[in-house]
Amino acid sequence: MKLALVGQLGAAERQAWMAALQHALPEAQWVEAAPGAEVDVVLVANPPPGQLQGLKGLRLIQSLWAGVDRLLADATLPQGVPIARMVDPAMSAAMAETALWAVLSLQRGFFDYARQQREAIWRVLPQRRADEVRVTVLGLGEMGLTAARRMVAQGYRVQGWSARPRQEPGIDSVHGEEALPALLSRSDVVVNLLPLTAATRGLFDAQRLALLPEGACVVNLARGGHVVEADLLAALDGGRLRHAVLDVFQAEPLPADSRFWSHPRVTLLPHAAALTDARSAAGIAAANVRAVMAGNPPAHRVEAERGY
Ligand code: NAP
Ligand code: GLV
């Protein structure tokens, strides 16, 4: 079988991936993904548009990323080839850790204490209990559900939102667009773990941010395209929103002149909430490659009409 690895990977990262993939798929022949090349499966790490153009004989596009919005937006993508996204419990666990760090820090005022330290201020802030905080997780998929369960275990009042109905112990969940306004209006912290699709792009705009209670917080760990950044900054500037924890942005790397870098009510990460770990993900990708080569459907196939 002929495989190719494509994506924006630094030399060390590519080397680590190749070592893990060669170990997981010793029978594979690795080829360059050039136009006209015969490739059975291409493994992709968020490739820039055009990189899969002209590949011949493709049976599977296996994403090494969980989110496939950039891939699906590529107009040159070979048509009719199944796309599978990365679903790795290790990655979901990492995301749940980041979500918990953000929510816990917001609950206990740890970001405020960090700011006070920079200003040499010795001031004790009110201490809130976890069961006093309503945490809403938008998206109850692999990432969202793992994070929401972690919040339940931590004692938060957890609410969830999905496209289709979902019943989960300890999570007060609703679904569909019409349920969103009421849900937002009873949320102290909103954690975004939605895929970026036509239905979710720009979800956090001025209108929806205004539905949040005074002093609410936003945690965006999904995609920058979910947020209208000017509207979020206005809500933070005006003091209606207490804090935002942001891992993802409209433009990445975040431009040096972005106000998010120095905003006193913002804590940010460089799109690092949950990295794919080649040590576990290579085996997951390998299982999908073997399934497809044996004539079976891949696991975690993207539903093109849903966009995730
Ligand atoms: P997933 O398993 O496909 O789950 C997506 C969830 O979102 C599902 O519960 C789905 O509802 C819900 N959803 C989708 N469209 C919706 C809509 N219009 N209204 C309400 N709910 C909607 O995806 P995942 O693996 O959890 O990943 C989610 C996203 O996290 C990825 O797409 C990616 O953007 C982001 N991510 C970020 C990082 C990072 O480091 N920052 C790392 C990994 C992933 P149903 O259950 O009803 O289908
Ligand atoms: C990272 O953002 C991913 O989608 O895997």
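Guide: The questions below concern a predicted model and take up its domains, its ligands and its backbone.

Visitor: How far apart do the C-alpha centres of domain 1 and domain 2 lie?

Guide: The domain assignment of the protein chain gives domain 1 as 2-88 + 276-293 and domain 2 as 89-268. Their contact takes 11 residues from domain 1 and 8 residues from domain 2. Between the C-alpha centres of domain 1 and domain 2 the distance is 31 Å.

Visitor: Which residues of domain 1 lose the most area to domain 2?

Guide: The size of an interface is often given as the accessible area lost when the parts come together. Between domain 1 and domain 2 the buried area is about 760 Å², and carbon and sulfur atoms give 58% of this. On the side of domain 1, three residues together account for 60% of what is buried, namely Asp 69, Val 87 and Asp 88.

Visitor: From which domains does the shell around ligand 1 draw at least three residues each?

Guide: The shell around ligand 1 divides into 17 nonpolar, 7 polar and 6 charged residues. Of the 30 residues around this ligand, those that come nearest are Arg 85, Met 143, Arg 164, Asp 247 and Tyr 308. At least three residues of the shell come from each of domain 1 and domain 2.

Visitor: What percentage of the area of ligand 1 does the protein bury?

Guide: Polar contacts are counted here within 3.5 Å. A backbone N or O atom of Gly 141 lies 3.1 Å from an oxygen atom of ligand 1, and a polar side-chain atom of Arg 166 is likewise 3.1 Å from an oxygen atom of the ligand. Taken alone, ligand 1 exposes 940 Å², and the share of this that the protein buries is 93%.

Visitor: Which element gives the most residues to the shell around ligand 1?

Guide: The elements that give two or more residues to this shell are helix 3 (89-108), helix 5 (142-154) and strand 7 (157-162). With 3 residues, the element that gives the most is helix 5.

Visitor: Which residue has a polar side-chain atom 2.8 Å from an oxygen atom of ligand 2?

Guide: Ligand 2 is surrounded by Trp 65, Ala 66, Gly 67, Met 91, Arg 223 and His 271, a shell of 3 nonpolar, 2 polar and 1 charged residues. One of these also has a polar side-chain atom 3.3 Å from an oxygen atom of ligand 1. The residue with a polar side-chain atom 2.8 Å from an oxygen atom of ligand 2 is Arg 223.

Visitor: How much of the accessible area of ligand 2 does the protein cover?

Guide: A polar backbone atom of Gly 67 is 2.7 Å from an oxygen atom of ligand 2. An N or O atom in the side chain of His 271 lies 2.6 Å from an oxygen atom of the ligand. On its own, ligand 2 has 190 Å² of accessible area, and the protein covers 87%.

Visitor: What is the omega of the cis peptide bond that joins Glu 252 and Pro 253?

Guide: Most peptide bonds are trans. Pro 253 is placed in the loop between strand 11 (241-246) and strand 12 (266-268). For the cis bond that joins Glu 252 to Pro 253, omega is about -5°.

Visitor: What value is the phi of Ala 120 near?

Guide: Most residues other than glycine have a negative phi. Ala 120 lies in the loop between helix 4 (110-118) and strand 6 (134-138). Its phi is positive, near 55°.

Technical notes. Residues numbered from 1 in each chain as written. Chains lettered and ligands numbered in written order. Predicted model: local features only at pLDDT ≥ 70, side-chain atom pairs only at ≥ 80, totals over all residues. Heavy atoms only, no water. Near = heavy atom within 4 Å. Polar contact = N/O pair within 3.5 Å; in protein donor to acceptor, adjacent residues only side chain to side chain. Areas by Shrake-Rupley, 256 points an atom, 1.4 Å probe, with all protein chains shown as cover. Helix = DSSP H or I, 4+ residues; strand = E, 2+ residues; numbered from the N terminus. Nonpolar A, V, L, I, M, F, W, Y, C, P; charged D, E, K, R; others polar. Domains from an automatic or database assignment. Contact = heavy atoms within 4.5 Å. Buried area = accessible area lost by both parts, 1.4 Å probe.
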